[in-house]
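Here are a few exercises to work through with the model open beside you. Try each task before you read its solution.

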Amino acid sequence: MNQGWGPIVNIASRERAASHGPNANLSVAQLKWSNSTEASSTMHYSTANTSSNMSIPSLLAVVGIITHAASRLHRHEARRSWMREAPAGVLVRFVLGESSMAKTTAEAAKYNDMLYVAAPEDNNHLADKSVAWLRLASIEMYPTARYILVADDDAFLQLTPIAADLRALLGLLPVRTALSRLRSEYRSLVLRRLLLYGSIEWYSHHLESGRNGGWGATALHALAEHEKRRLRELNFSDPFPFAKGPLMGFSRDLARFVGTSAEVRRV
């Protein structure tokens, strides 16, 4: 890594140490991304110091705002408005592609709330950036956070009611008790806490070309349209749930699954 990024890396290392404990390795994360060519990428990150009134292990949620260098005004407006209202247990970070490092050095040093991942910095690869963020946040930097969130940089988030929702939903996640008598393969499945918070629509696509087969606001509506248009006979998939919108929240286990899934990286 370029020595010029030393102060930024040190900031990230201190926060990562608070998250993992006193014995954490403070080196920059070397996260291997396996794909069809077995290539790997290094993720670099820059984040703020741990807040003096909030312990990293007590994190309810970390919000990653997907942005890029040119969206400085969006970041400025977020910092001066809704980010000021973040409740205890909620942390907010801006997520950029690593190619934006040189363009945002001064801003990163001033605000200490920016993070860089190994993903292309253009609007055609927003999903890549989101997946990279889910992996980095859930595994490397905030492994104790109950939720990892992904948000658009032009969204105005009301974090207090969002945090209340997420706390209420904790009761829906499986409890790690009374599972010792289950067969190991079933036990490992039950122990995974998979929950998605956000807007869901139902989508269909052509099984060969990938062409859009239509949307539905609910499963019943999507299925009715699917049958009305006889899409199954035309080789379209059955409707399936599709997460969308300016904010999505992933339980920790779901964030780790999406961030490390070979299937996700192939899509």
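**Exercise 1.** Work out how many of the 16 residues of helix α4 (residues 126-141) are buried.

*Solution.* Start with the count: 12 of the 16 are buried, so α4 is largely enclosed by the rest of the structure. Buried here means under 20% relative accessible area, with exposed over 50% and partly exposed in between (1.4 Å probe, protein chains only). Helices (H or I, at least four residues) and strands (E, at least two) are DSSP runs, numbered from the N terminus. Next, pick out the residues: W133, R135 and E140 are among the buried ones.

A word on the source: this is a predicted model, where local features need pLDDT of at least 70, side-chain atom pairs count only at pLDDT 80 or more, and totals for chains, interfaces and linings use all residues. Residues are numbered from 1 along each chain as its sequence is written, and side-chain values use heavy atoms, with hydrogens and water left out.

**Exercise 2.** Find out which way the residues of β2 point, and how β2 pairs with β1 and β3.

*Solution.* First, burial: eight of the eight residues of β2 are buried, so this strand too is largely enclosed by the rest of the structure. V90, V92, F94 and L96 point one way, while L91, R93, V95 and G97 point the other.

Now the pairing, which takes at least two DSSP bridges between two strands. β1 and β2 run parallel over six bridges, and I66 has V95 as its bridge partner. From β1 the chain passes through helix α2 (residues 72-80) to β2 in a right-handed β-α-β crossover; right-handed means that, with the strands pointing away from the viewer, the path from the first strand over the helix to the second runs clockwise. On to β3: β2 pairs with it in the parallel sense over four bridges, and V95 stands opposite L115.

**Exercise 3.** Decide whether S237 is buried or exposed, and list what it touches.

*Solution.* Locate S237 first: look in the loop between α7 (219-228) and β7 (240-251). Its relative accessibility is 9%, so S237 counts as buried. Setting aside residues up to four places away in sequence, S237 contacts S204, H205, L207 and H226 (contact means heavy atoms within 4.5 Å). N235 has a positive phi of about 70° although it isn't a glycine.
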